[in-house]
Amino acid sequence: MFTHLKNIETAFKHIKLFSYFLISACTIISCFALYKSYQAASIAGSHIYVLTNGKALEAFAADRKDNIPVEARDHIRMFHHYFFTLDPDEKVINANIGKALYLADESARNQYNDLKEKSYYNNLISGNISQQVTVDSIQVDINQYPYYFKCFATQKLIRSTSTANRSLITQGYLRNVARSDNNPHGFLILHWETLANRDITIQH
């Protein structure tokens, strides 16, 4: 009888030990599963898929500092596009200049007011002149803040009798501002000025 009880006690100890082992193993597996799930969620959160032309393209999240040169150049390019791409239509001129002024400080508005006082825009309308700009290159120094830039572009004035190509060089600085629909890159151009704007060629 004592042997029988001893066997029962030994079996109970084995079952108890096995239960502890099973509970520990389940705890470790659960913790590991939670860790891997969190890791997978973090990895999935860093990927964005954009649907274009029926195809899902993967976009990678990145820090703003990694994209500063690219976004800065595009901001400068869009500003010059809006400020200098004009047609002989008052509504078009006002719309483009309005978009440009969201991207720069009062230095751009001052240049706009100077041109307006000199009847530059009225001359475009009365002479049926279209103006286009092509940005050739942009230099941005991100080692200092605000970021200094210099823009090299070609300005084209299209008249009914001739087309004039002009060399345009401008400079200024960029500071960070909040992003918005009117300013998607989150930059503001400061102390913008024109360094050169002279004729290169005239085609008749």
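Two residues are in contact when heavy atoms of theirs lie within 4.5 Å. The structure described here is a predicted model.

## Overall make-up

The chain has 204 residues, and 28% of them count as buried. Its accessible surface is about 13,800 Å². Carbon and sulfur atoms make up 57% of that surface.

Five helices and six strands are found in the chain. Their order along the sequence is α-β-β-α-α-α-α-β-β-β-β. Among contacts in the chain with a separation of 6 or more, 59% are between residues 24 or more positions apart.

## Strand β4 and its partners

Strand β4 covers residues 147–158. Strand β3, residues 130–141, pairs with β4 in the antiparallel sense, and eleven bridges hold this pairing. Within it, Tyr 148 of β4 stands opposite Asp 141. The two strands form a hairpin, with five residues between β3 and β4.

β4 is also joined to strand β5, which spans residues 163–176. These two strands run antiparallel as well, with twelve bridges between them. One of the bridge pairs is formed by Ala 153 and Leu 168, the latter lying in β5. Here too there is a hairpin, and four residues connect β4 to β5.

## The two faces of β4

The residues of β4 divide into a covered face and an uncovered one. On the covered face are Tyr 147, Phe 149, Cys 151, Ala 153, Gln 155 and Leu 157. The uncovered face carries Tyr 148, Lys 150, Phe 152, Thr 154, Lys 156 and Ile 158.

## Leu 188 in strand β6

Leu 188 is part of strand β6, which runs over residues 187–203. Is Leu 188 buried or exposed? Its relative accessible area is 13%, and because the cut-off for a buried residue is under 20%, Leu 188 counts as buried.

Which residues does Leu 188 touch, apart from its neighbours within four places in sequence? It is in contact with His 75, Tyr 102, Leu 103, Ala 104 and Asp 105, and also with Tyr 173, Leu 174, Arg 175 and Val 177. Of these, Tyr 173, Leu 174 and Arg 175 fall within the residue range of β5, 163–176. Ala 72 is 116 residues away from Leu 188 along the chain, yet the C-alpha atoms of the two are separated by 9.6 Å.

Key
Residues numbered from 1 in each chain as written. Predicted model: local features only at pLDDT ≥ 70, side-chain atom pairs only at ≥ 80, totals over all residues. Heavy atoms only, no water. Buried < 20%, exposed > 50% of the residue type's maximum accessible area, 1.4 Å probe, protein only. Areas by Shrake-Rupley, 256 points an atom, 1.4 Å probe, with all protein chains shown as cover. Pairing = 2+ DSSP bridges.
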